[in-house]
Amino acid sequence: MTTCDQIYDVIVVGAGHAGCEAALAAARMGCRTMLLTINLDAIALMSCNPSIGGLAKGHLVKEIDALGGEMAKNIDATGIQFRILNTKKGPAVRASRAQADKQLYRLRMKRVLEQQENLDLKQGEVTSLCLDAAEVRGVVLRSGISYLSKTVVVTTGTFMRGLIHIGLNNYPGGRAGDQPSVGLSDQLRDLGFQVGRLKTGTPARLDARSIDFTKLETQFGDHPPRPFSFSTERITMPQLPCYIAYTNPRSHDIIRSGLDRSPLYSGIIEGVGPRYCPSIEDKVVRFPDKDRHQTFIEPEGLDTIEVYPSGMSTSLPIDVQIAFYRSIEGLERVEIMRPAYAIEYDYVDPIQLHNSLETKIIHNLFHAGQINGTSGYEEAAGQGLIAGINAARRVKGLEPLVLTRSQAYIGVMIDDLVTLGTKEPYRIFTSRAEYRLLLREDNADLRLRELGYQIGLVSVQDYFQFEKKRLGITAELGRISTTRLQHTDEQVVVLARHGLLDIQKGTTLEQLLKRPEVSYADLAELDCVSRETSEVIREQVEIQIKYKGYIDRQMEQVEQSKKLESTRIPQDLDYTSVKSLTTEVREKLSKNRPDTLGQASRIPGVTPAAISILSIALKSSSWQGTDLQ
């Protein structure tokens with residue numbers, strides 16, 4: 001075996017969306033970093049849907065950007081359709097989504113990585129970790145080369161013992177066209193990690209020339225397109241439409257006829273699939289009363305004829321795939337360029353992680369992305385960013401960055417994973433966040449930009465622009481709270497037009513904006529200063545005024561929970577010695593090893609009474625000064 005002379009601060013294994021964010025974060029924080037991947041040409045490859053964002057996922061992307069990550073900038077530079085979802089609903093559940101030019105997205109991210117200081121990119125398959133007792137020291141490649149490092153971040157995606165299924169045929173693969181990673185998950189299992197098996201899938205890629213788009217419903221993006229990144233001024237990429245199509249009863253009959261050759265229904269696939277993104281055969285079986293299922297026909301790029309039928313993932317045999325795709329109106333003569341397939345892969349139960357994403361079993365080893373049981377580019381990128389930050393902070397001797405549930409959707413996701421674990425692919429939803437009115441897309445920078453700047457990932461220029469915006473919001477909130485209607489002739493005309501003549505003279509603009517029928521645009525008609533206010537400040541002022549009561553109530557709830565969230569539990573605490581706890585609670589706490597009382601309170605079966613008992617026990621002198629890490 002050959003050992004490289006260079007000792008790295010951080011080695012990142014895998015160059016998917018988690019690995020890219022982890023490597024960039026560590027390198028930008030000044031750590032000598034190496035990114036290792038099986039295929040350097042597949043960096044940041046969109047293996048499934050060529051899009052970024054969506055419900056709750058858009059929140060993650062905005063938070064990654066606010067902290068100084070790259071995903072939002074990358075989609076802004078390569079996106080070919082942008083839309084804001086849920087525009088008719090409240091601000092807490094509005095979400096951004098964008099189609100990407102799949103190849104441009106990959107190539108731009110690769111270029112960013114190649115140009116990043118302190119970062120080396122190398123191709124190779126990691127088969128095992130170098131260990132010194134319970135501490136990671138580096139990685140070993142199949143080629144026989146070993147690289148030493150102070151920390152390691154594992155972001156293997158679907159590659160660990162990956163197995164691809166098309167009908168009853170299957171073969172090893174990390175995704176179509178790439179070899180799997182073999183050996184690493186076996187070592188992790190031998191070290192005591194709980195290794196499980198999950199499944200995901202992807203639709204076929206279709207030839208756009210063989211589709212009759214005149215029979216489909218056209219869906220255009222927003223005009224003008226709104227960027228993801230708080231640093232992007234405007235979108236310059238050409239924009240393309242998507243198209244909507246539907247399955248029908250004949251499609252469903254074809255799918256049912258092939259279930260005997262489906263690896264999903266014949267017992268060949270062992271892994272658990274994603275509940276919230278099921279295959280088309282799953283949809284047909286689980287919802288037999290539905291006459292049709294919707295699909296969006298999405299372009300994969302500006303210069304390709306390949307299109308992606310979202311929601312149509314399957315592992316059915318290729319002949320069944322062809323038949324059911326061709327049963328859809330507009331797709332009667334469609335040609336499949338790449339068949340759909342399912343993939344099984346190993347993951348490690350995230351209950352064995354601290355909320356810093358460091359493993360509890362091996363010191364200085366971090367896990368991020370699908371190895372933790374999550375599903376989705378955005379979930380992976382959010383974890384990768386935090387793992388990269390915390391690996392760098394470990395090297396620098398700093399305390400880990402831990403985002404709370406009231407701070408970020410990233411915090412909600414990580415807390416869910418490390419507190420509850422997962423037995424199926426985890427996906428983020430707005431419903432998972434109890435403080436979702438505080439965790440909106442529009443205020444991600446107000447929540448996290450300062451933090452990103454403090455840890456060294458947000459540039460001085462970006463921080464200056466953020467400060468300008470924050471001060472502008474504060475100033476405008478103050479101004480409208482003291483500016484009063486004078487009932488000038490012009491104002492009376494506007495009030496009459498909007499049916500607001502009941503508004504009394506002397507009413508402040510803030511009081512007026514609190515009314516549900518009044519928008520900031522109406523203020524602009526009544527007040528010359530409001531007309532000059534920028535759109536980003538208008539949006540924040542309107543949301544903060546209209547939802548102030550609800551926001552204040554959630555802030556009170558956050559304050560009430562702070563004591564639990566900040567009370568640390570020693571990792572070596574012997575729960576059997578806390579006599580007042582029930583046997584069930586002791587077993588759950590011993591298995592989960594929560595980092596804080598707040599985490600312990602969210603473990604199913606751990607009652608409020610048990611938390612009170614544990615809180616009292618932690619105050620006793622016997623545990624004072626115990627190492628909490």
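In this predicted model, four strands form an open sheet in the order β11-β10-β19-β12, and the pairing within this sheet is antiparallel. The strands β11 and β12 (195–202) stand at the edges with a single partner strand each, so one side of each is left without a neighbour in the sheet. From one strand to the next, the twist averages 25°.

**The pairing of β10 with β11**

- Strand β10, which covers residues 163–166, pairs with strand β11, which covers residues 169–172, and the two run in the antiparallel sense over four bridges.
- Another is Ile164, which stands opposite Tyr171 in β11.

**The turn between these two strands**

- The strands β10 and β11 make a hairpin with two residues between the strands, and in this hairpin Gly167 takes a positive phi near 60°.

**The pairing of β10 with β19**

- Strand β10 also pairs with strand β19, made of residues 341–348, in the antiparallel sense over three bridges.
- Here Leu163 can be followed across to β19, where its bridge partner is Glu344.

**Reading the order of the sheet**

Methods:
Residues numbered from 1 in each chain as written. Predicted model: local features only at pLDDT ≥ 70, side-chain atom pairs only at ≥ 80, totals over all residues. Heavy atoms only, no water. Pairing = 2+ DSSP bridges. Axes fitted to C-alpha atoms, helices over the stretch in contact; angles between N-to-C directions.
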